[in-house]
Amino acid sequence: MTADHPRARSSRRFSVGSMIAYLVWLVGQVISGSLTVARRAVRPGRFAEPSIVAFPLRCETDLEVTWMASSITITPGTLVVGTAHGSEAEPVTVFVHSVFDADRDSVREGLRDMEDRLLRMTRGPRWQEREEREGSRDHEGRETG
């Protein structure tokens with residue numbers, strides 16, 4: 001990536017404190033997901049309510065995309081089943097299989113929360129404010145004009 005490329009931003013502010021907070025939160029998600037799987041496995045009735053959602057990422061660097069996909073996959077009950085490479089006009093999109101949530105909007109809300117936390121870690125606590133100053137973006141993270 002060249003310095004002129006929109007993904008090559010010099011305003012990255014990796015935050016160790018946010019990394020610790022993210023990792024603690026992620027461990028909590030893994031434990032919570034594990035308990036959900038165990039509870040569903042022993043409870044009579046329907047085990048799964050699966051869905052697959054397309055989720056456009058605001059993650060821009062290979063590290064952010066990889067970390068996001070890995071975070072999704074290590075969380076019990078979710079799995080990245082594919083990705084679509086981004087371009088200048090479109091963000092990278094991950095396709096996520098959720099075992100226990102047929103409500104796609106709910107799945108997307110959870111993924112958006114995860115991505116917000118991840119970007120707070122990789123870009124710093126005020127990354128959203130910087131994004132807004134640098135240019136308008138729609139709710140999917142794409143430039144609006």
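Two aromatic pairs were found in a search of the whole structure, which is a predicted model. Tyr22 has a relative accessible area of 1% and is buried. Trp25 is also buried, at 15%.

The other pair is formed by Phe47 and Phe100. The ring centres are 5.3 Å apart. The planes meet at 75°, so the pair counts as edge-to-face, the cut-off for that class being over 60 degrees. Phe47 sits in the loop between helix 1 and strand 1 (51-56). Phe100 sits in the loop between strand 3 (93-98) and helix 3 (104-123). The pair therefore ties together parts 53 residues apart in sequence. Phe100 has a relative accessibility of 15%, so Phe100 is buried. Phe47, at 36%, is partly exposed.

Val81 was examined in turn. This residue lies in strand 2 (residues 78-84). Its relative accessibility is 48%, so Val81 is classed as partly exposed; the exposed class requires over 50%. Beyond residues up to four places away in sequence, Val81 touches Phe95 and His97. Val81 and His97 are 16 residues apart along the chain. Their C-alpha atoms are separated by 6.5 Å.

Definitions and conventions:
Residues numbered from 1 in each chain as written. Predicted model: local features only at pLDDT ≥ 70, side-chain atom pairs only at ≥ 80, totals over all residues. Heavy atoms only, no water. Helix = DSSP H or I, 4+ residues; strand = E, 2+ residues; numbered from the N terminus. Buried < 20%, exposed > 50% of the residue type's maximum accessible area, 1.4 Å probe, protein only. Contact = heavy atoms within 4.5 Å. Phe/Tyr/Trp six-rings, centres within 6.5 Å; stacked < 30°, edge-to-face > 60°.
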